[in-house]
Amino acid sequence: ERLRKAAEGRRVKLEESAKRHQLSREVNELESWINEKEAVASSEELGKDLEHVEVLKKKFDDFQKDLAANETRVSDVNSMARRLLDEGHSEAPAIVEQTEELNSRWGTLQDLADKRKTNLDGAHEIQQFNRDADETKAWI
């Protein structure tokens with residue numbers, strides 16, 4: 001009987017460890033992806049003419065689609081962490097810390113993306129104005 005209880009305790013610990021490892025793997029993959037995307041979102045290149053700005057905006061639109069697609073991954077990781085916490089996982093403080101860090105980095109990436117979009121939209125307006133002004137000067 002004592003042996004069976006010990007084996008059951010060990011099985012529970014192994015399952016708990018496997019779930020924790022899966023969560024950590026998912027968080028690490030997302031953090032790596034966020035690192036890559038922060039470089040794109042924090043770019044300050046605004047283009048030297050209207051065509052260049054439009055190319056940058058197209059690339060940024062693709063970036064935003066990628067960002068939206070990965071939002072579900074962040075939600076899934078948060079759900080997985082919540083389940084582990086609800087189950088009373090023995091590493092609850094570490095899980096909370098890990099998911100809070102991920103959510104903070106995700107929020108920072110979204111803020112950078114919003115700023116980049118605003119900057120590109122502004123650059124597009126300026127370049128469009130310059131193009132219109134040049135055309136008007138040529139017409140006059």
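Figure 1. Gln 127 is buried, with a relative accessible area of 15%, in a model that is predicted. This residue belongs to helix α3, which runs over residues 92-139. When neighbours within four places in sequence are set aside, the contacts of Gln 127 are with Gly 47, Lys 48, Asp 49, Leu 50 and Val 53.

**Figure 2. The largest nonpolar core and the place of Leu 23.** The largest nonpolar core is made up of 21 residues, and those with the most contacts inside it are Leu 23, Phe 63, Leu 67, Trp 106 and Leu 109. Two or more residues are given to this core by each of α1 (2-41), α2 (50-86) and α3, and α2 gives the most, with 9 residues. Leu 23, one of the buried residues of α1, is in contact with Val 77, Met 80, Ala 81, Leu 84, Ile 95 and Gln 98, leaving aside its neighbours within four places in sequence.

**Figure 3. Helix α2 and the aromatic pair Phe 60 and Phe 63.** A search of the whole structure finds 2 aromatic pairs; one of them joins Phe 60 and Phe 63, which are stacked, with 5.3 Å centre to centre and 25° between the planes. Both residues lie in helix α2, 3 residues apart, about one turn of the helix. An α-helix has 3.6 residues a turn, so residues three or four places apart point the same way. Phe 60 counts as buried because its relative accessibility is 4%, under the 20% cut-off, and Phe 63 is likewise buried, with a relative accessible area of 6%. The helix that carries this pair, α2, has 37 residues and reaches 53 Å from its first C-alpha to its last, close to the 54 Å expected at 1.5 Å a residue. After α2 comes Gly 88, whose phi is positive, near 75°.

**Figure 4. Helix α1 and its buried residues.** The 40 residues of α1 should span 58 Å at 1.5 Å a residue, and the end C-alpha atoms of this helix are 57 Å apart, which agrees. The buried residues of α1 include Glu 16, Arg 20, Ser 24, Val 27, Leu 30, Trp 33, Ile 34 and Ala 41, and what covers the buried residues of this helix includes α2 and α3. Gly 9 also lies in α1, but is partly exposed, with a relative accessible area of 35%. The C-alpha atoms of Gly 9 and Thr 72, which are 63 residues apart along the chain, are separated by 34 Å.

**Figure 5. Glu 31, a buried acidic residue without a salt bridge.** Glu 31, in helix α1, is buried yet has no salt bridge, and the nearest side chain of opposite charge, that of Arg 105, is 4.5 Å away. Leaving aside neighbours within four places in sequence, Glu 31 is in contact with Glu 101, Leu 102 and Arg 105.

Figure 6. Side chains of opposite charge can pair when their charged atoms come close. In the predicted model the count comes to 13 salt bridges, and one of them is formed by the side chains of Asp 66 and Lys 37, at 3.1 Å from N to O. This pair links distant parts of the chain, with Asp 66 in helix α2 and Lys 37 in helix α1, 29 residues apart. Asp 66 counts as partly exposed at 26% relative accessibility, whereas Lys 37 is buried, with a relative accessible area of 18%. Asp 121 forms a salt bridge with Lys 57, the closest N and O atoms being 3.0 Å apart. Since Asp 121 lies in helix α3 and Lys 57 in helix α2, the pair ties together parts that are 64 residues apart in sequence. Asp 121, at 23% relative accessibility, counts as partly exposed, as does Lys 57 at 24%.

Figure 7. The side chains of Asp 134 and Lys 137 meet in a salt bridge, at 3.9 Å from N to O. Both residues lie in helix α3, 3 residues apart, about one turn of the helix. Asp 134 is partly exposed, with a relative accessible area of 44%, whereas Lys 137 counts as exposed at 61% relative accessibility. Elsewhere, Glu 8, Arg 11 and Glu 15 are linked in a network of salt bridges.

Notes:
Residues are numbered from 1 along each chain as its sequence is written. This is a predicted model: local features need pLDDT of at least 70, side-chain atom pairs count only at pLDDT 80 or more; totals for chains, interfaces and linings use all residues. Side-chain values use heavy atoms; hydrogens and water are left out. Helices (H or I, at least four residues) and strands (E, at least two) are DSSP runs, numbered from the N terminus. Buried means under 20% relative accessible area, exposed over 50%, partly exposed in between (1.4 Å probe, protein chains only). Contact means heavy atoms within 4.5 Å. A nonpolar core is a set of buried Ala, Val, Leu, Ile, Met, Phe, Trp, Tyr and Cys residues joined through side-chain atoms within 4.5 Å. Rings of Phe, Tyr and Trp (its six-membered ring) pair if their centres lie within 6.5 Å; planes under 30 degrees apart count as stacked, over 60 as edge-to-face and the rest as tilted. The expected span of a helix is 1.5 Å times one less than its number of residues. Lys and Arg count as positive and Asp and Glu as negative; His and the chain ends are not counted. A salt bridge is a side-chain nitrogen of Lys or Arg within 4 Å of a carboxyl oxygen of Asp or Glu.
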